[in-house]
Amino acid sequence: MTTPRTLSTRTLGSAENGTALAVSALGLGCMGMSAFYTTDSATETDSIATIHRALDLGVTLLDTADMYGPFTNERLVGRAIADRRDEVVLATKFANVVDPDGTRRVDGSPEYVRRAADASLQRLGVDHIDLYYQHRVDKTVPIEETVGAMAELVTAGKVRHLGLSEASPETIRRAHATHPITALQTEYSLWTRDVEAEILPLLRALGIGLVPYSPLGRGFLTGTIVSPDALAPDDFRRSNPRFTGHALDVNLGLVDTVRVLAGRKGVTPGQLALAWVLAQGPDVVPIPGTKRITYLEENVAADAVEVTAEDLAALDAALPIGAAAGERYADMGTIDR
């Protein structure tokens, strides 16, 4: 028997722009099922079971990308939703290219947009992508050319809605003028709040939704990571600036504050961190990732956590913009700023 749906829904984009897309209040980031995070005992069967449980709980937005794996995550998600496609708002991304020798580059050329979309459709086993993001901005290609090619995919029926990821305000404006953008995906959490200064107000002025990735600070805000030594050798967080050295000590202090506040409310630190993101507005849809049903259920329960004005004030005071120590990535060169 399917579990009764529990999640509330939100809208990315706007009816005025013709971009309104109804999704669950939280999505599921599927990246960690195939790439970047710790290699543990979770199997593909576990990951597919987690996706199915997410759908049972009312999670509709599933997020993947061609470079996760590379390519393996799209195939996994495709297998998981093969008989449940009508329950899913499927989001994937292009532009981050991993060459056979392991070299990474960004490609936003119109020719690549078309090839990448067709390849993703085949791997996912679907006839259309609900939300198609440019994963990173190609600074060598005018955004109008990239988004123009993405718009052709909409006309062809291969894609329903367009998105950007990690785009600057100027890029967002130019892209939206070329074809209405439904959502911007970017990092946003209690320890990454820089989007509040300029990007979030711009999105609201244009009627674009925000999809925060890493809303739990790559797991750090759950309070379960106290040392990079606890992470597997192949986990990319071992070399992430926020997880090492003096920055780690500073950031552990921030998490202690979240832990104390969460304890007072009778919730986990991760649930409070997610509830804070959800409280930033009805146009904000975080996509915490996990491959474990237990963590999925904990994350989904954050939708029912009531965050009071007092809670928000305490969190704002303890973790203001810029409070986290260290850059978000070791190499910020591909971020459009």
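Ala 149 touches Pro 110 and Val 113, leaving out residues up to four places away in sequence, where contact means heavy atoms within 4.5 Å. This is a predicted model, in which local features need pLDDT of at least 70 and side-chain atom pairs count only at pLDDT 80 or more, while totals for chains, interfaces and linings use all residues. Residues are numbered from 1 along each chain as its sequence is written, and side-chain values use heavy atoms, with hydrogens and water left out.

Ala 149 is buried, with a relative accessible area of 2%; buried here means under 20% relative accessible area, exposed means over 50%, and partly exposed lies in between, using a 1.4 Å probe and protein chains only.

From H3, Pro 110, Val 113, Arg 114 and Ala 117 take part, and they meet Glu 145, Thr 146, Ala 149, Met 150, Glu 152 and Leu 153 of H4. Sorted by type, the residues of this contact are six nonpolar, one polar and three charged, with Ala, Val, Leu, Ile, Met, Phe, Trp, Tyr, Cys and Pro counted as nonpolar, Asp, Glu, Lys and Arg as charged, and the others, Gly among them, as polar.

Let me turn to the sheet. It is open, with seven strands in the order S3-S4-S5-S8-S9-S10-S11 and parallel pairing, two strands being paired if DSSP finds at least two bridges between them. Which strands stand at the edges? They are S3 (28-29) and S11 (209-213), each of which has a single partner strand, so one side of each is left without a neighbour in the sheet. Helix H4, residues 143-155, packs on this sheet and touches S5, S8 and S9 (159-165), its direction making about 155° with that of S9.

Within the sheet, S5 (residues 89-94) runs parallel to S8 (residues 129-134) and is joined to it by four bridges, with Lys 93 standing opposite Tyr 133 in S8. S9 and S10 also pair in the parallel sense, over three bridges, and Gly 163 has Ala 183 in S10 as its bridge partner. As for S10 itself, residues 183-187, five of its five residues are buried: Ala 183, Gln 185 and Glu 187 point one way, Leu 184 and Thr 186 the other.

Now the cores, where a nonpolar core is a set of buried Ala, Val, Leu, Ile, Met, Phe, Trp, Tyr and Cys residues joined through side-chain atoms within 4.5 Å. The largest has 84 residues, of which Leu 28, Ile 51, Leu 164 and Ile 172 touch the most other members. Helix H8, residues 269-278, gives the most to this core, with seven residues. A second, separate core of 13 residues includes Val 23, Ala 91, Tyr 133 and Tyr 213.

Finally, the backbone. The peptide bond from Gly 69 to Pro 70 is cis, with omega near -5°, and Pro 70 is found in the loop between S4 (61-63) and H2 (72-80). Phe 71 lies in the loop between S4 and H2 as well, with a positive phi near 75° in a residue other than glycine, and Phe 71 is partly exposed, at a relative accessible area of 34%. Glu 166, in the loop between S9 and H5 (169-178), also has a positive phi, of about 50°, although it is not a glycine; Glu 166, however, is buried, with a relative accessible area of 3%.

Conventions
Helices (H or I, at least four residues) and strands (E, at least two) are DSSP runs, numbered from the N terminus. Axes are lines fitted to C-alpha atoms, for helices over the stretch in contact, and angles run from 0 to 180 degrees between N-to-C directions.
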